[in-house]
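Here is a short note for a colleague who is new to reading structures with several chains. Please keep the sequence and the 3D view open while going through the points.

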Amino acid sequence: MRRQLAPAFRMMLVMTILTGLIYPGIVTAVCQIFFPRQANGSLVRADGRIVGSALIGQNFTKPEYFHPRPSAAGTDGYNPTASGGANYGPTSSRLIERVRADIAKFREQNPQFQGPIPADIVTASASGLDPDISPAAAYAQAPRVAKARGVPLARVRQLIEQYTEPRPLDFLGEPRVNVLKLNLALDGDNR
Amino acid sequence: MAATATPPALDDSTTLIPKKLVHARPLFDRELVGRAVKASFGKLNPVTLYKNPVIFVVEVGAALTTGLLLRDTAVGRHGLGFQIQIALWLWFTVLFANFAEAMAEARGKAQADALRKTKTDTFAKRISGGGKTEIVAASKLRAGDVVLCEVGDIIPGDGEVIEGIATVDESVITGESAPVIRESGGDRSAVTGGTKVLSDQIKIRITSNPGETFLDRMIALVEGAERQKTPNEIALNILIAGLTLIFLAAVVTLQPFAIYSVRSVGVGTVPTIAALVSLLVCLIPTTIGGLLSAIGIAGMDRVMQHNVLAMSGKAVEASGDVDTLLLDKTGTITLGNRQAVEFIPVEGVTERELADAAQLSSLADETPEGRSIMVLAKEKYNLRGRELSQQEAHFVPFSAYTRMSGVDLDGHQLRKGATDAVMQFVRDLGGKVPAGFLEMSDRISRTGGTPLAVADGARLLGLVHLKDIVKGGMRERLAQLRAMGIRSVMITGDNPLTAAAIANESGVDDFLAQATPKDKLEYIRREQAQGRLVAMTGDGTNDAPALAQADVGVAMNTGTMAAKEAGNMVDLDSNPTKLLEIVAIGKQLLITRGALTTFSIMNDVSKYFAIIPAMFVTTYPALDKLNIMRLHSPQSAVLAAVIFNAVIIVALVPLALRGVKYRPQDAAGMLRRNLWIYGLGGFIAPFPCIWFIDRLLGLLHLA
Amino acid sequence: MTPIGILQIVVYFIVVLAITKPMGAFMARVFQGERTFLHPLMRPLERLIYRLTGVNEDGEQRWTQYAASLIAFSLASFLFVYAIERLQGILPFNPMHFGTKAAPPGAAPVTPDLAYNTAASFLTNTNWQAYSGEMTFSYFVQMAALAVQNFVSAAAGIAVAVALIRGFARHQARAIGNFWVDLTRCTLYILLPISFVAALIFCSRGAIQNFHAYTQVKTLEGSTQTIPQGPVASQEAIKLLGTNGGGFFNANSAHPFENPTPLTDFIQVILIFLIPAGLTYTFGRMVGDTRQGWAIFAAMTILFAAGVFVCYHYEAAGNPILAKLGVESKYTGSQPGGNMEGKETRFGIAQSALFATVTTDASCGAVNSMHDSYTPIGGLVPLFNMETDEVIFGGVGSGFYGMLLYAIVGVFIAGLMVGRTPEYLGKKLQQKEVKMAMLAILATAFVILVFAGITSVIPFAKNGYWNPPGPATANLNNSGPHGFSEILYAYSSAPENNGSAFAGISVDTPWYNLTLGLAMLIGRFAFMIPALVIAGCLAEKKKVPISSGTLPTHDALFVGLLVGTVIVVGALTFFPALALGPLVEHFLMHGGKLFTMLIFPRWS
């Protein structure tokens, strides 16, 4: 055992340098050369300033913007330094209370919308930073957004359709709408 | 061929000894059951019981439940009926497991007693250094002592005949009443203590010390006193002990889980200790735990019922693992004797003429081959045997030097013998050997026969075809062995040509021709180097190294003491075919263990469905959805599971003692069959049984 | 369940099946020291490493030396990780100044118990995260301590599996390989190249890779948001390939920077099974009968399929209580339906259920959705996967040797039923093998049950050292059966070296850090050492030739037997616990029962 200790520490040191410094160093260099936008966080600019990341959801509460899913990241939600879900189990009264409140709020904000609430729009995402909502959740909000912005509903629906990302390779994951991109497109329209 | 002396009249005491050493007793012999029941209580002693960890855990649980019951009684609590019943059934579980073992032991003891009866106090005539004999008690004899045994004497201990020849009655050991010859030197020199000299006198050198004789060891073995756990049994014990620990952890931790649940939900009560103990006892593999040692003892017992003495349980177990069987040709694969099947005359000689000469030359030949020539001649040509007096005929006996025998009659020199010897004889007399004669002879050899040339003086008459007769059904049995993955190898002193033919006819996988003891030993070593386990039979002293080397060495009882010491089994019937049965018993032993283990484990599933909903009914009534048997009350659910768990042990005792049904089959087929019966069966069977017990308890208002 | 959801799972499995043989054959070449296409690049590096570390490439070890090397290396790992974590304040690559006074508000301190827990967690390939990555560790810690362990703990696990395979393959041999050589080759030829390629793919789809400080942005509505940065893609690749599962961020593979699109998600689940599935073929190749490897593969496939479809079914069915409130529970084409609580929109139900099953089939522990919010039966699947020792493809190496231990137990019982001393691959299974296999299975079962039992009831003073929130159950985020499931999940995840969690439970307290850390170490070494003992023991044995009397271990019957052994042993051990957790919760959920957090009465 004692004879194994010396090679153990030497091996550990060599591996630390190789896999802990050289490997990420080379990956960083290659990524910064070939994929600088992605490697630095897919940051989105509007009016010359950075308004967020296309991949990180952010809070929208105003009626003229599409609203994202409930977020459990941080106390106010969408805090990227506190990523995570709500972690309520299916029989948690707190889950049910929250969903009930969110349903009520959603119905109140979107009186034109009838029918069952899309499953994603009243449930908290896993990361708390989900940048997307389902197309159904977007269409459900379209009348409100159109009304608040004073643009035709058809235009809003057209934008939703345009910003609906299909499944990669046509079968992976779910179709989705990036809330930040959609809202930026709306702002661009209004300008 | 033992020169058979006229059997001497046997006295009454020997005829009382059963024909077979062990006669198959009925499974539940009243006397044995009585003995076993009594022993079951004795086995409750925790000091001895702890060796069986599974049952020991049950006993601790039973004691715990009883203790709590006594406490509750003392404080005057009411409604203890359930607790009383649980405690009782837990004790029954222990007793039933003890009973299984006691039953197997009782059967062994019964045999030991039968053997012990033969071990009366005998006296020996010891020959001291000066050649004088003195009378000493047989129990005082030590290895190296020389004793004299005369007609009517009981041989006082195991030993080697060093002088003389005698007929000995060994029925005590073998159950065979026909006496056998024991003589100094050679392969028939071993004698066993307790057997009786019927004629003549012999000097014997004692080879074992008091208490170590063959008979002593046999008694100890069948009694189970010397029983050591076999390797597989130990491994299986580890497995079930491990499972016991896992279930112990599962049940013990259930208590804090329950406490959490009760607190968190705010209703209900934590399960009682009695319920937890019940769950534990139901889960740990009590069935196999209770029956494991009984299976082992019963395995030895079954070997003995075939008149084979196994020196250890390990040997019985190893016989199930055998990959290669070395079978002696003569007596195992073929009938002991070759028989004449055809007369083949040379050109210019009629078959009848040849038959006549062959018959005449065999008149004095008492060997089975000689007799078979007489018979064939009679059958084919209706030639009757003639009585010839010494005056008119001079018989020439067989000798190793001439390798011929025959008769001189009316100036004819009739001879029969090995082809080359007879050819030489003919040439010496100036005769001619017809062309192609040697080829004729070889042709017979190639088909596995033995050619016997017949000549009338200088005139060569032809050949007698002697044939080895393969035993009926041997081909099928060897095919079965092959299906089981066992290679059969024929050992013979014949030349390779003959051996190959017989091997082909009988269907053995390989043969060892012109085998010397050294060849056998090397063959075994070669097989073992490839990882195979080898079984063989042997009788002579020169077989001893091979018997010792083989993983399963079955010595013939007629063999020498050296052979018996070297092997790990002795076949009292001296029947080499027995090896096949021994292999089957070994396999059956292992299968029974595996089957009951599987059954025991699969049983657990149903018990969970009975007990878990019942335990948590107060906290989580919703768990009643798991009560798929619809047991009518929580108490009766627990009780029914515990009762089933106890009763199944007794119900399976016959299976443990008899062994599961075994039929030769390949491994995949055997596994499929046993998995269906004991795996799926073990999964399903308890459901209706527990349901039924539950109804019964309801009807009797017991719970 | 939707056709397209089922299609995703089926296509996933077909891809795994397709890469098993090439991957397995390649690994067999690597571990048998044969030349591969990577030799021109890696061989000089390999030689250099041996020269620097003083390892004799040709010197093979007995199992005792092999185990000693493994333990010595783990010890070195522990000290390295612990020291780097604690000293992060004075080490480079720390733009956010963690571990110093200049750390951002909300940054968590690295206490000794957290450092110990994290070191134990990463060296055992558990990657349990009692910390929140983005607010605790500098880039240097993430790269040079944690990611290094992602490589070497995976390599060590694979090495042990290969040693066990050698035990079966060899005939009357004493040595089972050289730990240092196996470790080095695994890292150089297998882990590094694949990680490199995967990292580039992840980055191209949006995973970040930089050393910048966190970015402050003003959102569209005018509030501020701090967007974290770091070398994520390089770590992400090995996190999955090595079935480690320790995420750069708290949200792990649910975080858009770790797992930005459904495509990267698909690649992630493939990476998890890549090596474990390949090892089944490596095994067949090295023991000289590939059917043996495929039989194991088939058994794993059955267990995987059962798990993933049960999980998917119950997640797609959703929570009936929410459905009653008016939430759509069915898939409609434009929204996923089902139980979306704790799941990402881009992944939906099928990819989440697939990920949850795969990550616990393997001992990965990365998550793309929050298992705590799964339906009871949907959550039971990952829990049960872990409790059966993660042998369904399993962790790299560990899953495979775990499955072989189950095979030993199964073959032993069934082997007796064919009337022979049980044999597996020509090796007789006797006392020692059975003892060691039982020891491994027993040790993890014990740790799970005993620690979960204690934690369910242990009282602590509020604001005390051991568990500031009070009794251990005060750390739960749910009550009733689900609260119990949180405890059970944590103590199943740790000894099984998974690392995923029912994450509602707050575990960064001394009690949880110490017990979970201990559980991880026991779970790792009480499984590895017995596997090495068996390897040494088997290598010394003769190989019994196969005959028709031998239990065939490459046919459907054997596959069924193996599946049965895993399920029966797991079910029998954990049925009571599962009955009080997910099972009863399932019945209660359908009865509409809810649980509020109770303040537990102080223990009297």
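Predicted model: local features only at pLDDT ≥ 70, side-chain atom pairs only at ≥ 80, totals over all residues.

1. Extent of the interface of chain A and chain C. The size of an interface is often given as the accessible area lost when the parts come together. Between chain A and chain C, about 9,000 Å² is buried, and carbon and sulfur atoms give 67% of that area. Three residues of chain A, namely Tyr23(A), Asn87(A) and Thr91(A), supply 9% of the area that chain A buries against chain C, more than any other three residues. In terms of contact, 104 residues of chain A and 125 residues of chain C take part.

2. One salt bridge is counted between the two chains. Its partners are Arg98(A) and Glu341(C), whose side chains meet at 2.5 Å, N to O.

3. Which parts of chain A touch chain C? At least two residues each come from helix 1 (2–34), helix 2 (36–39), strand 2 (49–53), helix 3 (93–109), strand 3 (132–133), helix 4 (135–149) and helix 6 (179–190) of chain A. Helix 1 of chain A gives the largest share of this side, 24 residues. Sorted by class, the side of chain A that touches chain C holds 56 nonpolar, 32 polar and 16 charged residues.

4. Extent of the interface of chain B and chain C. Here 68 residues of chain B are in contact with 65 residues of chain C. The two chains bury about 5,600 Å² between them, with 76% of it on carbon and sulfur atoms. On the chain B side, the residues that lose the most area to chain C are Phe257(B), Tyr260(B) and Arg263(B), together 14% of what that side buries.

5. Polar and charged pairs between chain B and chain C. One salt bridge is found across this interface. Asp323(B) and Arg420(C) form a salt bridge in which the closest N and O atoms are 2.7 Å apart. There are also 17 residue pairs in polar contact across the interface of chain B and chain C, both residues being at pLDDT 80 or more.

6. Which parts of chain B touch chain C? The elements that give two or more residues include helix 8 (231–252), helix 9 (254–265), helix 12 (313–321) and helix 26 (667–684) of chain B. The largest share, 15 residues, comes from helix 23 of chain B. This side of chain B divides into 43 nonpolar, 14 polar and 11 charged residues.

7. Strand 13 of chain B.

8. The neighbours of strand 13. Strand 12 (residues 393–396) of chain B runs antiparallel to strand 13 of chain B and is joined to it by four bridges. With strand 14 (residues 412–417) of chain B, strand 13 pairs in the antiparallel sense over six bridges. Gly406(B) in strand 13 is the bridge partner of Val396(B), and Gly406(B) also stands opposite Arg415(B) in strand 14.

9. The hairpin. Two residues lie between strand 13 and strand 14 of chain B, and in this hairpin Asp410(B) takes a positive phi near 50°.

Conventions. Residues numbered from 1 in each chain as written. Chains lettered and ligands numbered in written order. Heavy atoms only, no water. Contact = heavy atoms within 4.5 Å. Buried area = accessible area lost by both parts, 1.4 Å probe. Salt bridge = Lys/Arg side-chain N within 4 Å of Asp/Glu carboxyl O. Nonpolar A, V, L, I, M, F, W, Y, C, P; charged D, E, K, R; others polar. Pairing = 2+ DSSP bridges. Polar contact = N/O pair within 3.5 Å; in protein donor to acceptor, adjacent residues only side chain to side chain.
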